[in-house]
Amino acid sequence: MTSRLFDGIAIISSGQTAYHKHPEVPAMWYLVEATRLALAKANIRNSEVDGLAVSSFMLPPDNTATLAEHMGMTLGWAFLGTFGGASQVVAIMRAAQAIRQGEAEVIVLVAGDSYSVAAHYSLMADFNSAMRDYVAPYGMGGTNGLFAMLERRHSYDFGTTKAQLGKLAVVQRANAQRNPNALLRRPMTLEDYLGSRMICDPIRLYDCVLPCGGGEAIVMTTADRARASGRQPVFVLGGGESSNFAPDDLLMLQGGWTEFAPRMFEDAELGPSEVDMVQLYDDYPIMELIQLEGLGFCERGAGGRYVAETDISLHGDLPINTGGGQLSCGQSGAGGGAIGVTEAVMQLQSEAGDRQVPDARTALVSGFGMVGFTKGLCQAAVLLARR
Amino acid sequence: MDQSNSIQTALPRVCDWNAPFFAAGLFDQLKLQRCDSCSRLIYYPRIACPYCMCPDMTWETLSGDGSVYSYSIVWRPQDRSFMDQVPIVLAVISLVEGVQIVSTVLGETRQNVTIGDPVRAVFHKLNNSIALPKFQLVKS
């Protein structure tokens with residue numbers, strides 16, 4: 001029996017700003033611009049919006065209500081994401097429930113930041129009390145050092161190789177070359193990846209994302225209204241979230257996806273092998289393996305071998321991060337966790353241009369974020385589909 | 001005690017429930033909380049036990065012995081005031097008493113570290129209320 005939590009709800013459009021390596025405008029600009037683009041695509045006026053979900057590290061002192069004031073929206077439902085790179089995925093589930101319960105009819109979900117290397121360091125220096133008090137005083141390498149320890153242990157326990165991880169970065173770069181909005185589009189070979197500068201051994205430069213300014217938005221409404229708009233509705237088949245899973249697994253060799261993925265697939269009446277593409281949260285390639293394992297695409301520890309043995313290209317068996325992901329697009333702060341959502345919606349609405357996955361009908365989007373003491377504490381995923 | 005005196009800007013905020021941890025190092029001791037109710041050893045310092053929410057915990061002096069669970073050799077520290085210490089060997093240490101902490105491995109041979117290597121705590125004084133436990137490789 002399935003719960004069908006998200007029946008009758010659809011995503012109607014997406015909006016994505018340009019990405020800027022050296023942003024000269026504040027987070028607010030990216031959030032407004034992404035919202036404007038998504039609403040224009042759906043031909044919906046700001047006055048018709050009655051729900052708003054926002055995820056942004058650098059929006060304070062502003063918030064959902066003040067952003068609504070900037071954008072001339074009167075809200076019956078408001079949400080401020082506190083799940084970092086999992087926020088936009090969590091927001092999809094929250095918004096769907098709000099629409100079902102009649103709290104709102106048209107909801108904009110927007111995420112973005114005016115991010116840069118300097119902004120990243122400044123944010124991480126006081127990101128949370130445990131990291132500030134018990135990790136930073138030792139001279140950590142930011143998140144690079146933490147995920148380097150995860151990669152080292154995963155390799156030690158399961159034999160994961162740098163070439164397996166590199167395949168993800170290289171294939172995503174090839175995808176990015178077909179994405180005019182990606183910041184990093186120069187060709188990259190496995191040799192380039194393996195030879196890139198060492199940052200926090202074993203994490204090298206091309207394991208890391210480029211902080212940038214950017215914003216992502218989608219519009220959700222009732223399925224009836226979506227159909228009436230003449231646009232291709234994208235439905236939410238299932239989803240799940242987890243915060244602070246397995247607290248004593250400090251480096252997170254297993255994430256909360258393990259806990260909720262079986263129910264998510266059951267609700268969607270799908271199996272991992274029936275998914276047409278996966279948009280993973282790729283702050284580092286090692287995290288993509290943890291997600292593939294947790295989501296059930298392969299056994300625990302087998303992520304590296306799975307990637308090596310699977311055609312993950314645009315025309316392959318399981319296309320991964322079809323727009324290039326954060327590794328090639330850039331990471332727009334909390335907007336980084338929404339890149340996969342935008343990309344999946346574009347693919348399912350046949351708007352992906354040269355990188356369109358042929359006959360794409362289902363997509364899995366995974367989110368991950370809010371690093372605490374030593375690891376990202378929040379994991380989420382949704383299954384999206386056109387019908 | 002390691003008396004290196006480079007100016008460090010990234011300092012922990014000392015408060016009621018973590019002060020004994022940071023102060024213990026001034027006396028070359030590694031002290032962690034143990035829950036009075038469920039008897040679990042706890043890291044990092046907490047207001048209440050994260051396993052059972054009991055507010056009563058007792059500070060216990062540990063051996064300082066452990067082994068390397070994982071590590072990264074950090075060439076690009078986030079805080080540039082650490083640049084004179086690179087490469088910094090950031091590590092998760094499994095203490096023999098059964099809890100893990102995050103720290104660094106020190107010493108000239110630190111880059112030769114591998115997973116499983118035995119280590120022992122040494123203490124690095126930052127000011128009159130804080131000395132951080134760090135670890136030296138134990139020659140076998």
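What is the handedness of the crossing of α1(A) and α2(A)? The first legend below takes this up. This is a predicted model, in which local features need pLDDT of at least 70 and side-chain atom pairs count only at pLDDT 80 or more, while totals for chains, interfaces and linings use all residues. Residues are numbered from 1 along each chain as its sequence is written, and chains are lettered from A and ligands numbered from 1 in the order in which they are written.

**View 1. Helices α1 and α2 of chain A cross in a right-handed sense.** Helices (H or I, at least four residues) and strands (E, at least two) are DSSP runs, numbered from the N terminus. The axes of α1 (residues 27–42) and α2 (residues 64–71) of chain A come within 11 Å and cross at roughly 60°. That angle makes α1(A) oblique to α2(A). Axes are lines fitted to C-alpha atoms, for helices over the stretch in contact, with angles from 0 to 180 degrees between N-to-C directions. Angles under 35 degrees count as roughly parallel, over 145 as roughly antiparallel, 65 to 115 as roughly perpendicular and the rest as oblique. A crossing is right-handed if the near helix is turned clockwise from the far one by less than a right angle, and left-handed if anticlockwise. On α1(A), look for M28(A), L31(A), V32(A) and T35(A), which meet L67(A), H70(A) and M71(A) of α2(A). Contact here means C-beta atoms, placed from the backbone, within 7 Å.

**View 2. I107(A) sits in the largest nonpolar core.** Such a core is a set of buried Ala, Val, Leu, Ile, Met, Phe, Trp, Tyr and Cys residues joined through C-beta atoms within 7 Å. Of its 171 residues, I107(A), L109(A), M220(A) and L384(A) touch the most other members. Helix α3 (residues 87–100) of chain A gives the most to this core, with nine residues. Beyond its neighbours within four places in sequence, I107(A) is in contact with residues including W77(A), A95(A), I99(A) and M220(A).

**View 3. Helix α11 of chain A is largely enclosed by the rest of the structure.** Ten of the ten residues of this helix (residues 285–294) are buried. A residue is buried if 20 or more other C-beta atoms lie within 10 Å of its own, exposed if 12 or fewer, and partly exposed in between, with C-beta atoms placed from the backbone. The cover includes α6 (142–158), α7 (162–176), α10, α12 (303–309) and β10 (362–371) of chain A. Just after α11(A), G296(A) takes a positive phi of about 95°.

**View 4. N244(A) has a positive phi although it is not a glycine.** Its phi is about 60°. Find N244(A) in the loop between β8 (234–243) and α10 (257–268) of chain A. With 13 C-beta neighbours inside 10 Å, N244(A) counts as partly exposed.

**View 5. The loop between β2 and β3 of chain B holds M53(B).** Phi of M53(B) is near 65°, a positive value in a residue other than glycine. M53(B) counts as exposed, with 12 C-beta neighbours inside 10 Å. Y44(B) is in the loop between β2 (41–42) and β3 (57–62) of chain B, and the peptide bond from Y43(B) to Y44(B) is cis, with omega near 5°.

**View 6. A cis peptide bond joins V86(B) and P87(B).** Here omega is about -5°. P87(B) is found in the loop between β4 (65–74) and β5 (88–95) of chain B.

Technical notes:
Contact = placed C-beta atoms within 7 Å.
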